[in-house]
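Subject: Structure handover

Hi,

Here is the structure I promised you. Please open it, then read my notes below alongside it.

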Amino acid sequence: MKLLLFSVCAFLLSPVVFADESAEFQYPLAVTATEDGIVYVADRTLPGIWKIEDGKKSVFFQASKKFRTPLNAVRCLAIDHEGRLLAGDSATRDVYRFDEAGQPQPLTDGWIGIPMALAVAADGTIYTADLELHRIWKMPAAGATQPEEFAVINSPRGLTLDGDGNLVVLSTSSKDGQIQKVAPDGTITPFVKGHPFNLPHNVVIDGEGSLFVTDNYAHCVWKVAADGTKTQWVTGEPLDRPVGLCRSGDNLLIADPHIRTIFSLAPDKTLTVFASSPGDEK
């Protein structure tokens, strides 16, 4: 009996070794890229953030699987005005900036509800779309214990800044339309009225002022011209459920979590696999 008890106790005290799931994407739902081409991918299920450099992916930050720990529920990424990585996390209701040691530093005191998107102005001002509280929060580059309420917009999911300094807000269900522009003084102007998108997730802008929107339910990426004209830019296979979106040079990068793939979309509509799991097939 003593031997049996000793064996059981030894088993319980021994470290448990799990399968190494971190070798592959689990649920990549957000993507961002630096000016020199380094790509970061938020993986909701890992949970954590991947880094892709020179075609190779590695775990940049492995978050704990314990809820209410930093980046346990990472949802969005952005690069700030100094090239540093920002990440929004609903588990701790905060936005983080990664320091030189690769560690996330909180920028608020748990002020954000569900941070779904980030946008950074040239002066470092950070805008956060809060899906839970239906707010756009504004704070300086250094962060703020209590960010400023910049705009009240229902169900904000995507953010980008246009050439005039207006914040472009993508919404799923706002009564004033699914894309609105917020001027620096907080004035809100509807840009895409109604609800032409099925389940939009993210928005980016190109150098000509055209907007691109990922639509999860329509299995497509929309293009919205500067005059508001809307077209399904690319649709259907190989896209499945596109969610994340960012610019990388002249191309767009698209995170498609259901098929664990990051696509690269060229201006001529050529769609290629940038990184995927299993394997990095190009």
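The side chains of Glu82 and Arg84 form a salt bridge, with 2.6 Å from N to O. Keep in mind that this is a predicted model. Glu82 is exposed, at 52% relative accessible area, because the cut-off for exposed is over 50%. Arg84 has 32% relative accessibility, so it counts as partly exposed. The pair also belongs to a network of salt bridges that links Asp80, Glu82, Arg84 and Arg97.

How many salt bridges does a search of the whole structure find? The count is nine. Two others are worth a look.

Arg135 meets Glu149 at 2.9 Å, N to O. Arg135 is partly exposed at 24% relative accessibility. Glu149 is partly exposed too, at 43%.

Glu53 and Lys51 also meet through their side chains, at 3.5 Å, N to O. Glu53 is partly exposed at 35% relative accessibility. Lys51 is partly exposed at 22%.

Four strands form an open sheet in the order 17-18-19-20, with antiparallel pairing. Strand 17 (200–205) and strand 20 (230–235) are at the edges. Each has a single partner strand, so one side of each has no neighbour in the sheet. On average, neighbouring strands here are turned by 25° against each other, direction ignored.

Strand 19 (residues 220–224) pairs with strand 20 over five bridges. Find Val221 there: Val234 in strand 20 stands opposite.

Best wishes

Note on methods
Residues numbered from 1 in each chain as written. Predicted model: local features only at pLDDT ≥ 70, side-chain atom pairs only at ≥ 80, totals over all residues. Heavy atoms only, no water. Pairing = 2+ DSSP bridges. Helix = DSSP H or I, 4+ residues; strand = E, 2+ residues; numbered from the N terminus. Axes fitted to C-alpha atoms, helices over the stretch in contact; angles between N-to-C directions. Salt bridge = Lys/Arg side-chain N within 4 Å of Asp/Glu carboxyl O. Buried < 20%, exposed > 50% of the residue type's maximum accessible area, 1.4 Å probe, protein only.
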